[in-house]
Amino acid sequence: MLSYEGFFLIILVSILGPVVGVFVMIFQSHLEKKIHFLEMKNRQIHLEKELRESEYLQLTQQIEPHFLFNALNSLLGLVRLRKMEQVQPAFESLVQFLRYKYSIKEQLSPLAAELDHTRQYLEIQKLRFGNRLQVRWEIDPDLTQVLIPPYLLQTLVENAFKHGLEQTEEDPVLSIRLRSGESRVWLQVSDNGPGFLVDPFAGNAAGIGLQNMKRRLQLLFGENGQLKVVRDQGGQVIAVWPKIKIMPEEEVL
């Protein structure tokens with residue numbers, strides 16, 4: 001004969017069983033939705049990362065057609081004047097410049113490589129300006145092992161020529177200063193041109209070089225990457241980014 005306790009247990013199980021089953025189904029459904037949400041979120045983060053990398057690569061691969069036209073025009077002038085002793089080194093500088101420009105790099109490059117790239121650019125500019133061009137370098141010795149966004153230095157130097165040095169009637173003077181603190185690096189490129197008559201970042205006033213570089217700094221460092229101009233004298237652009245040094249095993253240029 002079934003006892004009272006056994007009968008009560010059967011009744012309890014028959015009542016609570018479906019309830020527990022419903023809760024299990026609800027929990028399972030919630031867990032599946034949570035897993036699906038996390039998978040979608042992870043996929044979204046991955047896609048956003050790919051888009052940022054794609055955008056960054058596209059920005060780094062752009063070249064200023066104004067400079068390329070002037071460089072080829074200068075080489076043509078040397079050929080017409082039969083100054084063949086100057087054509088070969090100038091052409092080699094242009095080839096090295098373009099080779100570096102279109103090589104695939106990491107998001108940060110050694111400063112030494114970027115300095116060499118900028119010097120190639122300056123050698124090409126000397127075809128136009130000759131001995132009139134003065135370049136003043138001031139580089140903190142502590143920066144020899146620092147990483148810099150690719151093309152940052154050359155882009156700011158190119159901007160100084162296009163919007164400053166090409167507009168001045170005086171002998172062109174370009175100043176390049178790199179210094180660092182405990183956690184940040186400052187790059188200052190200035191010229192003795194007429195300066196920025198308007199804010200280059202207001203509306204559509206900015207050139208593609210400054211726009212791209214500002215966007216690249218934001219993509220890489222967020223609020224810690226900055227690009228600003230000083231309009232009180234000549235043309236002056238200042239870039240700031242976090243100080244990141246090359247690890248010993250990475251010291252291969």
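Me: Why does Gln-125 count as buried?
Reply: Its relative accessibility is 4%. Buried means under 20% relative accessible area, exposed means over 50%, and partly exposed lies in between, with a 1.4 Å probe and protein chains only. At 4%, Gln-125 is therefore buried. The model is predicted: local features need pLDDT of at least 70, side-chain atom pairs count only at pLDDT 80 or more, and totals for chains, interfaces and linings use all residues. Residues are numbered from 1 along each chain as its sequence is written, and side-chain values use heavy atoms, with hydrogens and water left out.

Me: Where is Gln-125, and what is it in contact with beyond its neighbours within four places in sequence?
Reply: Gln-125 belongs to helix H4. Helices here are DSSP runs of H or I with at least four residues, strands are E runs of at least two, and both are numbered from the N terminus. With neighbours within four places in sequence left aside, the contacts of Gln-125 are Phe-67 and Phe-161; contact means heavy atoms within 4.5 Å.

Me: What makes Gly-77 partly exposed?
Reply: Gly-77 has a relative accessible area of 26%, so it is classed as partly exposed. This glycine is in helix H2, residues 65–80. Its C-alpha atom is separated by 9.8 Å from that of Arg-128, 51 residues apart along the chain.

Me: Why are H4 and H5 called roughly parallel?
Reply: Helix H4 (residues 111–129) and helix H5 (residues 152–163) pack at an angle of about 20°. Angles run from 0 to 180 degrees between N-to-C directions, and axes are lines fitted to C-alpha atoms, for helices over the stretch in contact. Under 35 degrees counts as roughly parallel, over 145 as roughly antiparallel, 65 to 115 as roughly perpendicular, and the rest as oblique. H4 and H5 are therefore roughly parallel to each other. Their axes are 8 Å apart.

Me: What is the handedness of the crossing where H4 passes H5?
Reply: The crossing is right-handed. That term applies if the near helix is turned clockwise from the far one by less than a right angle, and left-handed applies if anticlockwise.

Me: Which residues of H4 and H5 meet?
Reply: From H4 they include Leu-115, Tyr-121, Gln-125 and Phe-129, and from H5 they include Leu-153, Val-157 and Phe-161. The residues of this contact are eight nonpolar, four polar and two charged. Ala, Val, Leu, Ile, Met, Phe, Trp, Tyr, Cys and Pro count as nonpolar, Asp, Glu, Lys and Arg as charged, and the others, Gly among them, as polar.

Me: Is Thr-155 buried or exposed?
Reply: Its relative accessible area is 12%, so Thr-155 is buried. Thr-155 is in helix H5. Between Thr-155 and Thr-118 there are 8.7 Å in space, C-alpha to C-alpha, and they are 37 residues apart in sequence.

Me: What is the phi of Tyr-151, and why is this residue called buried?
Reply: Tyr-151 has a positive phi of about 70° although it is not a glycine. With a relative accessible area of 2%, Tyr-151 is buried. Its place is the loop between strand E3 (147–148) and H5.

Me: How do you know that E4 and E5 pair?
Reply: Two strands pair if DSSP finds at least two bridges between them. Strand E4 (residues 173–180) and strand E5 (residues 184–191) are joined by seven bridges and run antiparallel. They form a hairpin with three residues between them, and Leu-178 stands opposite Leu-187 in E5.

Me: What is the order of the strands in the open sheet, and why do E2 and E6 stand at its edges?
Reply: The five strands are ordered E2-E4-E5-E7-E6, with mixed pairing. Strand E2 (134–139) and strand E6 (226–230) each have a single partner strand, so one side of each has no neighbour in the sheet. Neighbouring strands are turned by 10° against each other on average, direction ignored.

Me: How many bridges join E7 to E5 and to E6?
Reply: E5 and strand E7 (residues 235–242) pair over eight bridges in the antiparallel sense. E6 and E7 are also antiparallel, over five bridges. Val-237 in E7 stands opposite Val-189, and Val-237 is also the bridge partner of Val-229.

Me: Which strands does H4 lie across, and which does H5 touch?
Reply: H4 lies across E2 and E4, at about 175° to E2. H5 packs on the sheet and touches E2, E4, E5, E6 and E7, with its direction at about 20° to that of E5.
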